[in-house]
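Have the sequence and the 3D view open as you read.

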Amino acid sequence: MNHFLKYSFSIFCLLACAACDDEGIDVLDIEVPEGYALSAGTSTIFLSSSVAYDTPADWITGANDIRFTRGDRLYDDVRTSNNGHGGGLGPVYAGYSCGSCHRNAGRTKPSLWTEGGSGSYGFSSMLIYISRKNGAFFQDYGRVLHDQAIYGVQPEGKLSVEYTYENFSFPDGEPYTLCKPNYTISEWYAEEIKPEDLFCTVRIPLRHVGMGQMMALDPIEIEALAAKSNYPEYGISGRCNYIMERGVKCLGLSGNKAQHADLTVELGFSSDMGITNSRYPEEICEGQIQVNQGSMMGLSYDQLDVSTEEMENVDLYMQSLGVPARRNVNDPQVIKGEQNFYKAKCHLCHVSTLHTKKRGSVLLNNTQLPWLGGQTIHPYSDYLLHDMGSEIMGVGLNDNYVSGLARGNEWRTTPLWGIGLQEKVNGHTYFLHDGRARNLTEAIMWHGGEGEASKNLFKNMNKEDRDALLAFLNSL
């Protein structure tokens, strides 16, 4: 772990010259350890600026470079309600582009904190999942409540959040606070759903770091991790999520609960933006009054809004983004923090090293990306489901929402690579699925269930050791 290699003089000079034009290259504080700073093998990039998540890997050249640029543009371009190219937004939606929620391929600051729930300017940086208490969906709403709509169309409802604050302290006296969200929904477009009949859970966007590497993971290795993930002394026992995609049973990897086998580009265009495509040709509000309202506002539904080729360009863009290298790896505090990470047994779920399949990944329209193959990567995740508890402040992290095999209290281990750059990229440090944690300390202290032992090991460290562990996380 502590045997570090300096750049060769030639590479140092190359980066030093590049730094003249790009303020994000940290020539002076990046040193490459044996393996561990190279977070994603050949896809590792050496940036720590606001575009650290949003820069292509070096292997993107030629025709793929053109496709990357097209996918990047489509990812970021604001959709409109006009018919024709670039249109098709709505009638109801959550965001008006991929990049609106995933600014710089990261996590746009959640409107839960900036506006107290649904955004007031036609945009909310979150998804609102609703279900009956028996797990079924509501016929008039589906699985996602779309809280935005184009002009002249009624949204499905609006979300408000209030936070209950509870103060705690570490054994050495340092205080911390946990914030529990309390959600209410108003302005239902159809029959109002009573709170006693409703489960509501909110998801802020995930960071799009290491998506290609995730899609290229060796499923045999993940299943072997699940078989190995049995540490009764720490209450840890991870398991795989399996879901049906296109009629085939698949290993889930993507999403907060590993509930998807792919990057959900087609689903994102449909559910998040109301953009019809070959996999989801119907409007998300099909059969609802919003379809007729959209027609009255000039919307036409006689053709698909986006092509498969365009969506695959977005898929290529996401899978070929570079992963930022670790920073400050020779800093004594960071080295100590890494040791504390292992002492707290965080690595039993946040597994440091995985491998990708030899052939790499396959995009949604069957284009192969062999450059992602045969790589040793360091995502700090096992991509397995773990019980995160139900008793902290009354509810813990159990959101009562079932996804595939994942129960309400089960969540996929969040990959930690790039996490220390979130504030630089997106201007905030809100973490966990709904952004309730305002910093890494709060995120750790929300761990329950299988995370309880590690949380308590962290809690009982002295302040110097806790700060060192946080410094390590910020180096990732």
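## Cavities

A cavity here is a set of grid points where a 1.4 Å probe fits but cannot get out. Rolling a probe the size of a water molecule over the atoms shows where empty space is left. The model you are looking at is predicted, and the structure holds 3 cavities of 30 Å³ or more.

The second largest cavity has a volume of about 40 Å³. Which residues line the second largest cavity? Its lining is made up of Asn 83, Gly 88, Gly 90, Glu 283, Leu 299, Ser 300, Tyr 301 and Asp 305. Pro 91 itself sits in the loop between α2 (62-76) and β4 (92-93).

## Salt bridges around Arg 246

The structure holds 20 salt bridges. Arg 246 pairs with Asp 262, and the closest N and O atoms of that salt bridge are 3.7 Å apart. Arg 246 lies in the loop between β11 (241-245) and β12 (248-252), while Asp 262 lies in the loop between β12 and α7 (265-273), so this pair ties together parts that are 16 residues apart in sequence.

Arg 246 also forms a salt bridge with Glu 266, where the closest N and O atoms are 3.0 Å apart. Because Glu 266 lies in helix α7 and Arg 246 in the loop between β11 and β12, the pair ties together parts that are 20 residues apart in sequence. Are these three residues buried or exposed? Arg 246 counts as exposed at 52% relative accessibility. Asp 262 is buried, with a relative accessible area of 18%, and Glu 266 is buried too, at 4%.

Now turn to helix α14, which covers residues 463-475. The helix has 13 residues and reaches 18 Å from its first C-alpha to its last, close to the 18 Å expected at 1.5 Å a residue. Asn 462 caps the N-terminal end of α14, with a side-chain oxygen 3.2 Å from the backbone nitrogen of Glu 464.

An α-helix has 3.6 residues a turn, so residues three or four places apart point the same way. Both partners are partly exposed: Asp 467 has a relative accessible area of 29%, and Lys 463 has a relative accessibility of 38%. Salt bridges that share partners join Asp 172, Glu 174, Lys 463, Arg 466 and Asp 467 into one network.

Among the buried residues of α14 are Asp 465, Arg 466, Leu 469, Phe 472 and Ser 475. What do the buried residues of α14 pack against? They pack against α10 (332-343), α12 (440-445) and α13 (452-459).

## Three buried helix residues

Cys 98 is found in helix α3 (residues 98-101) and counts as buried at 17% relative accessibility. Beyond its neighbours within four places in sequence, Cys 98 is in contact with Tyr 75, Phe 269 and Met 273. Cys 98 and Val 78 are 20 residues apart in sequence, and their C-alpha atoms are 8.5 Å apart in space.

Ser 271 belongs to helix α7, and at 6% relative accessibility this serine counts as buried. Leaving aside neighbours within four places, Ser 271 is in contact with Arg 143, Val 144, His 146 and Ile 284. Asn 313, in helix α9 (residues 308-319), is buried with a relative accessible area of 6%. With sequence neighbours within four places again set aside, Asn 313 is in contact with Arg 67, Arg 70 and Gly 71.

## Positive phi angles

Asn 328 has phi near 55 degrees, a positive value in a residue other than glycine. Asn 328 is placed in the loop between β13 (323-324) and α10 and is partly exposed, with a relative accessible area of 31%.

Tyr 383 is not a glycine either, yet its phi is positive, at about 60 degrees. Tyr 383 is found in the loop between β17 (376-377) and β18 (385-387). Is Tyr 383 buried or exposed? At 2% relative accessibility, Tyr 383 counts as buried, because the cut-off for buried is under 20% relative accessible area.

How values were computed: Residues numbered from 1 in each chain as written. Predicted model: local features only at pLDDT ≥ 70, side-chain atom pairs only at ≥ 80, totals over all residues. Heavy atoms only, no water. Helix = DSSP H or I, 4+ residues; strand = E, 2+ residues; numbered from the N terminus. Buried < 20%, exposed > 50% of the residue type's maximum accessible area, 1.4 Å probe, protein only. Contact = heavy atoms within 4.5 Å. Salt bridge = Lys/Arg side-chain N within 4 Å of Asp/Glu carboxyl O. Expected span 1.5 Å × (residues − 1). Polar contact = N/O pair within 3.5 Å; in protein donor to acceptor, adjacent residues only side chain to side chain. 1 Å grid on protein atoms, 1.4 Å probe; cavity = no way out; pocket = protein on both sides within 12 Å on 5 of 7 lines; lining within 4 Å. Points joined across faces, edges and corners; volume = space filled by probe spheres on them.
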